[in-house]
Amino acid sequence: MTINPEAPVRVRIAPSPTGDPHVGTAYIGLINYIYARQRGGKFVLRIEDTDRARFVATSEQEIFNSLRWLGLSWDEGPDVGGPYGPYRQSERTEIYREHCDLLLANGTAYRCFCTAEELEAVRKQQMTAKLPPRYPGTCRHLKPEQVEGNLATGKPFVVRMIVPPHAGEATTSTTFRDELRGDITFEHNNVDDQVLMKSDGFPTYHLANVVDDHLMHITDVIRAEEWISSTPKHVLLYRAFGWQQPRFWHMPLLRNLDKSKISKRKNPVSLIYYRQAGFLPEAMINFLGLMGGGMPSPTAETAAGQPAAKASEADIFSLSDMLARFEVKNIRLGSPVFDLTKLKWLNGEYIRAASPESFFASLRSTILSDSYLSQIAALVQTRIETLGEFGNLTHFFFADDVLPTPEVFIPKKRTLEDTLAFAAEQLTVLEATDWTHETLEPALKQLGEEKQWSVKENFMLLRAIITGSTMSPPLLESMIVFGKARSLDRVRRFLDTQKKLATGKR
RNA sequence: GGCGUUAUGGUGUAACUGGUUAACACGUCGCCCUCUCAAGGCGAAGAGUCCGGGUUCGAGCCCCGGUAACGCUACCA
């Protein structure tokens with residue numbers, strides 16, 4: 001049932017283009033990359049774009065850029081091709097359809113005609129009755145002629161997998177091996193009849209992932225811990241198809257400082273942010289490599305070879321060091337906190353270790369790049385009288401944080417509380433808006449109307465938060481040049497700081 | 001609520017097949033250096049290994065029972 005241990009190693013990461021590329025993707029990507037490279041295997045990049053509701057058009061390219069920035073290159077993927085393409089799931093819908101039909105035909109899946117509303121109602125009922133929310137299985141017992149009838153009338157349907165026992169079968173649980181934790185067992189009465197094919201004709205993750213991993217000859221599924229609960233469904237699918245299953249490795253989840261799953265509300269998670277804020281890719285990779293402790297202990301190192309000149313150097317290593325010594329098997333299972341403080345220290349170490357030339361080159365390729373500077377120049381040309389004033393108007397483009405005083409950011413007729421509440425609303429709107437003038441302006445204005453904030457108050461507040469001042473180049477253009485990731489971070493930090501100030505005063 | 005996973009200073013990690021005063025790094029604090037701030041150097045505080053039992057001469061490592069945190073519980077991944 002399990003994959004032949006001799007099979008050449010093939011692993012993949014499968015990010016979803018639903019927003020900015022995520023540090024979690026980089027982390028899992030790194031582990032997969034190391035695992036493959038250490039075994040002479042292949043590292044595949046697959047784009048899981050089956051969620052059309054959350055699809056973001058620019059996201060895929062940003063994923064490519066960010067992973068390349070970190071030095072994680074893939075052997076097969078949408079942009080580089082490969083023998084098992086296409087590598088974008090939206091281009092494989094026919095494949096999923098065929099495989100879905102296979103399951104329908106061999107009796108391991110069925111069509112379900114329940115509407116979303118009906119299911120929601122059932123779920124609510126179950127919740128109030130303190131029962132686990134489960135699909136009631138209504139359509140599992142539909143007679144063939146009922147199915148035909150529904151099909152004939154064009155009633156929309158989804159396809160669900162049958163979690164055993166099937167009629168006349170005794171299986172009641174599924175056990176699979178997690179390479180890091182050992183055997184994990186799930187009783188089937190806790191596993192729902194998962195939707196495999198949505199009514200829009202797109203597969204869910206569960207179907208697409210199993211079909212693709214099989215067709216792409218993936219030997220090791222190395223993914224985040226959040227998938228453990230759905231692994232039995234995947235195992236059941238491999239069996240339903242009669243396929244060998246890969247090895248499963250579930251990595252610990254990166255956490256916020258408060259131990260919750262890492263999230264943008266509590267921590268910058270966008271790789272674009274880290275790049276634009278001036279983190280070096282080497283430092284980022286190094287830091288991610290520290291998470292989970294896959295590198296051998298410093299003591300083991302010194303015992304074997306020469307003692308580390310400086311103890312802290314045990315924490316400092318490159319991607320190629322990791323290829324030489326990292327052990328995926330040694331990953332610690334407790335979920336590590338993504339601690340910005342230590343990342344910044346590490347980044348500082350890399351900056352200080354760089355030659356003056358390469359440090360300057362880093363500046364010139366990021367925060368002082370021609371493209372960044374020329375965009376900024378365009379914004380201030382008509383607003384300064386000597387070139388020396390350039391910095392007066394633009395320092396916020398080059399600062400890591402700005403802190404407007406209450407006199408600056410609170411509009412005359414508003415209270416601190418109202419202002420912060422409105423800023424929080426602005427953040428929500430900005431998060432959901434494409435980063436162009438045409439979309440930002442109406443979105444912000446609409447919010448202002450809803451909350452009875454004048455355009456002037458509205459924009460002035462945001463200007464204060466972003467630039468630290470009430471006088472600046474045009475706000476939206478500035479935000480666009482500054483970038484979405486960093487702009488959002490600035491608003492979040494502003495709110496955070498004000499919250500801390502408020503609780504401190506009490 | 002159900003199911004699953006995890007658990008070593010504030011944070012990341014270490015501790016050989018159970019074996020001495022639980023180690024290193026970040027952070028914090030102090031001192032030195034210094035025109036300032038960093039960097040650098042020196043030093044300190046901070047955990048008795050989630051809790052309770054058990055096995056053992058001996059437990060962070062093994063066993064049992066709790067607890068807590070986190071994840072999943074979608075026609076999202």
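Q: Why does His217 count as partly exposed?
A: In this predicted model, the relative accessibility of His217 is 42%, and because buried means under 20% and exposed means over 50%, with partly exposed in between, His217 counts as partly exposed. His217 is found in the loop between α6 (205-215) and β8 (220-224), and His217 has a positive phi of about 55 degrees although it is not a glycine.

Q: What makes Gln452 count as exposed?
A: Relative accessibility reaches 65% at Gln452, and since the term exposed requires a value over 50%, Gln452 counts as exposed. Gln452 lies in the loop between α18 (437-451) and α19 (455-467), where its phi, near 60 degrees, is a positive value in a residue other than glycine.

Q: What makes β3 and β7 the edge strands of their sheet?
A: The open sheet has three strands in the order β3-β4-β7, with antiparallel pairing. Each of the strands β3 (109-112) and β7 (195-197) pairs on one side only, and that places both of them at the edge. From one strand to the next, the twist averages 45 degrees.

Q: What share of the residues in chain A is buried, and what does that label require?
A: Of the 506 residues in chain A, 47% are buried, a label that requires a relative accessible area under 20%. The accessible surface of chain A comes to about 24900 Å², of which 54% belongs to carbon and sulfur atoms.

Q: Which contacts in chain A link residues 24 or more positions apart, and what makes a pair a contact?
A: A contact means heavy atoms within 4.5 Å, and among the contacts in chain A with a separation of 6 or more, 77% are between residues 24 or more positions apart. Chain A holds 21 helices and nine strands, and its C-alpha atoms fill a box of roughly 85 × 65 × 50 Å along the principal axes.

Q: How many positive and negative side chains does chain A have, and which residues count?
A: With Lys and Arg counted as positive and Asp and Glu as negative, chain A has 60 positive and 61 negative side chains, and the centres of the two sets lie 4 Å apart.

Technical notes:
Residues numbered from 1 in each chain as written. Chains lettered and ligands numbered in written order. Predicted model: local features only at pLDDT ≥ 70, side-chain atom pairs only at ≥ 80, totals over all residues. Heavy atoms only, no water. Pairing = 2+ DSSP bridges. Helix = DSSP H or I, 4+ residues; strand = E, 2+ residues; numbered from the N terminus. Axes fitted to C-alpha atoms, helices over the stretch in contact; angles between N-to-C directions. Buried < 20%, exposed > 50% of the residue type's maximum accessible area, 1.4 Å probe, protein only. Areas by Shrake-Rupley, 256 points an atom, 1.4 Å probe, with all protein chains shown as cover. Charge placed at Lys NZ, Arg CZ, Asp CG, Glu CD.
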